[in-house]
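Please have the coordinates open as you read.

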Amino acid sequence: MIAAEPEISLYHLDEVDSTNSFVKRHVLELADGTLVYADVQTAGRGRMDRKWVSARGNFFGTLLMKKLPDPMLGTMVISLAALDVLKNLAPELDVWLKWPNDIYVENAKLAGVLSEAVIMPDKSRAAVVGIGVNLALSATELATIDKPAASVEKGKINPEKFASELAKSAKMYYIMGMSCSERLFALWRQRNECVGMELTLVLGGDKNVRGVVTAIAPDGALILRDSEGNERSYYCGDVSVDRQSVCAAREKRRQLPDK
Ligand code: BTN
């Protein structure tokens with residue numbers, strides 16, 4: 001039997017605490033493939049219990065995917081879809097995908113993904129994947145963020161346009177995730193551009209590791225070589241990069257015949 005293609009439908013809210021929290025609260029009523037987006041979030045959440053500043057003009061949305069074989073694939077669906085949309089609508093920005101799923105411009109974060117899963121009554125797990133994209137932050141607002149942050153130029157892409165383009169692009173990756181998850185995984189791995197970069201992996205608490213990324217493993221782990229030449233695989237953590245290392249590694253990558 002051939003599974004029916006998912007339809008991505010938009011669900012707009014003026015204001016909400018968090019689109020991820022909203023989708024989790026209404027997971028049973030919302031149809032598979034609903035992309036909930038809001039003009040303003042009053043309690044936007046980031047990874048590692050951080051707050052996501054959520055002012056009007058930027059994009060805050062969450063896609064509900066009930067039919068993925070593994071909810072982890074949902075982060076790949078969203079980040080690949082958002083990367084395509086940004087490349088199309090803001091080609092002047094040299095966006096890249098940073099392991100595991102953030103979208104960057106040079107060493108500054110443009111978009112972040114928060115992935116959660118909900119156990120459904122039939123014991124399957126639904127992916128609830130939120131993304132925040134800076135579409136309208138001024139230089140003054142960017143300067144108040146504790147880490148380097150970037151924004152699309154204000155007025156260039158409005159959140160409605162971003163939502164409709166994201167829905168189209170996410171549909172293709174969602175279908176890929178349902179029917180050929182190895183291909184989705186391979187694309188995500190190929191588009192992750194950390195390989196060759198010297199970076200710091202923040203593991204939570206005070207634990208940081210510094211090293212050069214030698215590869216992204218077939219199972220998705222980041223492989224880091226430290227200053228003593230030891231290689232280790234990491235499955236989670238927050239990557240912090242500096243501008244020089246990003247530019248050097250990306251330049252090298254551009255020169256490769258088979259990127
Ligand atoms: C991160 O980089 O830490 C992840 C940020 C994710 C923010 C988005 S905005 C839409 C959705 N709703 C939330 O509360 N968080 C995500």
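Setting aside neighbours within four places in sequence, F162 is in contact (heavy atoms within 4.5 Å) with F59, A82, V85, L86, V133, L135 and I157. F162 and L222 are the residues with the most contacts inside the largest nonpolar core, which has 63 residues. Such a core is a set of buried Ala, Val, Leu, Ile, Met, Phe, Trp, Tyr and Cys residues joined through side-chain atoms within 4.5 Å. Here, buried means under 20% relative accessible area, exposed over 50%, and partly exposed in between, with a 1.4 Å probe and protein chains only. The largest share of this core, 10 residues, is supplied by α2. Apart from it lies another core of 13 residues, including V16, A38, V118 and M120.

A word on the source: this is a predicted model, in which local features need pLDDT of at least 70 and side-chain atom pairs count only at pLDDT 80 or more, while totals for chains, interfaces and linings use all residues. Residues are numbered from 1 along each chain as its sequence is written, and side-chain values use heavy atoms, with hydrogens and water left out.

Helices (H or I, at least four residues) and strands (E, at least two) are DSSP runs, numbered from the N terminus. Helix α2 covers residues 73-89, and its 17 residues should span 24 Å at 1.5 Å a residue; the end C-alpha atoms are 25 Å apart, which agrees. That expected span is 1.5 Å times one less than the number of residues. Of the 17 residues of α2, 14 are buried, so the helix is largely enclosed by the rest of the structure.

Two packed helices are described by the angle between their axes and the distance between the axes. For α2 and helix α5 (residues 181-191), the angle is about 55 degrees and the axes are 10 Å apart. Axes are lines fitted to C-alpha atoms, for helices over the stretch in contact, and angles run from 0 to 180 degrees between N-to-C directions. The two helices are therefore oblique to each other: under 35 degrees counts as roughly parallel, over 145 as roughly antiparallel, 65 to 115 as roughly perpendicular, and the rest as oblique. On the α2 side, L73, M76, V77, S79, L80, L83 and D84 meet S181, L184, F185, L187, W188 and R191 of α5.

**Loops worth a look**

The peptide bond from W99 to P100 is cis, with omega near -5 degrees, and P100 is found in the loop between β4 (95-98) and β5 (102-105). Two residues other than glycine have a positive phi:

| Residue | Phi | Loop |
|---|---|---|
| E106 | about 50 degrees | between β5 and β6 (108-119) |

At 33% relative accessibility, E106 counts as partly exposed, whereas K123, at 68%, counts as exposed. Beyond four places in sequence, E106 touches D94, W96, R243, V246 and C247.

Which loop holds M197? M197 is found between α5 and β8 (198-202), and this residue is buried, with a relative accessible area of 0%. M197 and V212 are 15 residues apart in sequence and 5.5 Å apart in space, C-alpha to C-alpha. Not counting residues up to four places away, M197 touches W96, G211, V212, V213, V241, S245, V246, A249 and R250.
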